[in-house]
Amino acid sequence: MALLDLELWDGRHTWCHGYREGLPWWRWGWAPAGLRTRRQIHAAGRRLARGQDPYGLIVWKRGRRTAALYRLDLTLPAARVTPAKRAAVAAMERARRTCRRCHRQRPYRMPMSTWRCWECMAETGDYGEPAVA
């Protein structure tokens with residue numbers, strides 16, 4: 001396969017393997033510096049800007065798997081988690097772990113079909129399964 005010369009946004013030149021869906025693509029480990037996947041952007045403590053489009057693709061597994069690459073210089077700092085937001089998430093988790101029958105908090109989330117702990121379901125015999133006709 002022939003490599004194509006590509007001029008990047010900052011004037012550098014690099015090789016790409018071609019174009020897919022209108023975007024240049026590189027094999028695993030060949031992407032130029034300054035391009036990252038969503039996970040890599042998140043791990044760096046940043047987020048995509050609103051409406052930011054992918055700049056290219058990374059391809060692996062013989063072309064069966066792809067991931068979009070984004071320009072790191074266009075990303076924004078990740079939103080801070082405020083104490084109020086942290087408290088709201090804790091309250092939601094506490095509600096998911098509280099049995100609606102015995103009102104005890106358990107170390108696991110209640111099944112959404114019954115909202116009861118396993119002990120209450122065993123006691124009543126109702127496991128939230130649909131009746132078989």
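**Figure 1. Glutamate 93 and arginine 97 form a salt bridge in this predicted model.** Their closest N and O atoms are 3.2 Å apart. A salt bridge here is a side-chain nitrogen of Lys or Arg within 4 Å of a carboxyl oxygen of Asp or Glu. Side chains of opposite charge can pair when their charged atoms come close. Is glutamate 93 exposed or only partly exposed? Glutamate 93 counts as partly exposed, at 23% relative accessibility. Arginine 97 is partly exposed too, at 24%. (Buried means under 20% relative accessible area, exposed over 50%, partly exposed in between, with a 1.4 Å probe and protein chains only.) The structure holds seven salt bridges.

Residues are numbered from 1 along each chain as its sequence is written. Because the model is predicted, local features need pLDDT of at least 70 and side-chain atom pairs count only at pLDDT 80 or more, while totals for chains, interfaces and linings use all residues; side-chain values use heavy atoms, with hydrogens and water left out.

**Figure 2. Arginine 101 and glutamate 123 form a salt bridge.** The closest N and O atoms are 3.2 Å apart. This pair links distant parts of the chain, 22 residues apart. Arginine 101 lies in the loop between α2 (83–96) and α3 (118–124), and glutamate 123 lies in helix α3. Helices (H or I, at least four residues) and strands (E, at least two) are DSSP runs, numbered from the N terminus. Arginine 101 is partly exposed, with a relative accessible area of 38%. Glutamate 123 counts as exposed, at 59%.

**Figure 3. Glutamate 119 forms a salt bridge with arginine 106.** Here the closest N and O atoms are 3.5 Å apart. Glutamate 119 lies in helix α3 and arginine 106 in the loop between α2 and α3, so the pair ties together parts 13 residues apart in sequence. Is arginine 106 buried or exposed? Arginine 106 is buried, with a relative accessible area of 15%. Glutamate 119 is partly exposed, at 40%. Elsewhere, salt bridges that share partners join Glu93, Arg97 and Arg109 into one network.

**Figure 4. Tryptophan 9 and tyrosine 55 form an aromatic pair.** A pair of aromatic rings is described by the distance of the centres and the angle of the planes. Rings of Phe, Tyr and Trp (its six-membered ring) pair if their centres lie within 6.5 Å; planes under 30 degrees apart count as stacked, over 60 as edge-to-face and the rest as tilted. By this rule there are two aromatic pairs. The pair of tryptophan 9 and tyrosine 55 is edge-to-face: 5.0 Å centre to centre, with 80° between the planes. Tryptophan 9 lies in the loop between β1 (4–7) and β2 (13–16), and tyrosine 55 in the loop between β6 (46–47) and β7 (56–60), so the pair ties together parts 46 residues apart in sequence. Tryptophan 9 is partly exposed, at 25% relative accessible area.

**Figure 5. Two arginines lie over tryptophan rings.** Arginine 12 lies over the face of tryptophan 9, at 5.9 Å from the ring centre. Arginine 20 lies over the face of tryptophan 25, at 5.4 Å from the ring centre. A charge sits over a ring if NZ of Lys or CZ of Arg is within 6 Å of the ring centre and within 35 degrees of the ring normal.

**Figure 6. An open sheet has five strands.** In what order do the strands stand? The order is β3-β4-β7-β8-β5, with mixed pairing. β3 (19–20) and β5 (35–36) stand at the edges, each with a single partner strand, so one side of each has no neighbour in the sheet. Two strands pair if DSSP finds at least two bridges between them. Three bridges join β4 (residues 23–27) to β7, and these strands run parallel. Arginine 27 stands opposite valine 59 in β7.

**Figure 7. β1 and β2 form a hairpin.** The two strands pair in the antiparallel sense over four bridges. The bridge partner of aspartate 5 is tryptophan 15 in β2. Five residues sit between the strands, and glycine 11 takes a positive phi near 95°. β2 has a covered face, Thr14 and Cys16, and an uncovered one, His13 and Trp15.
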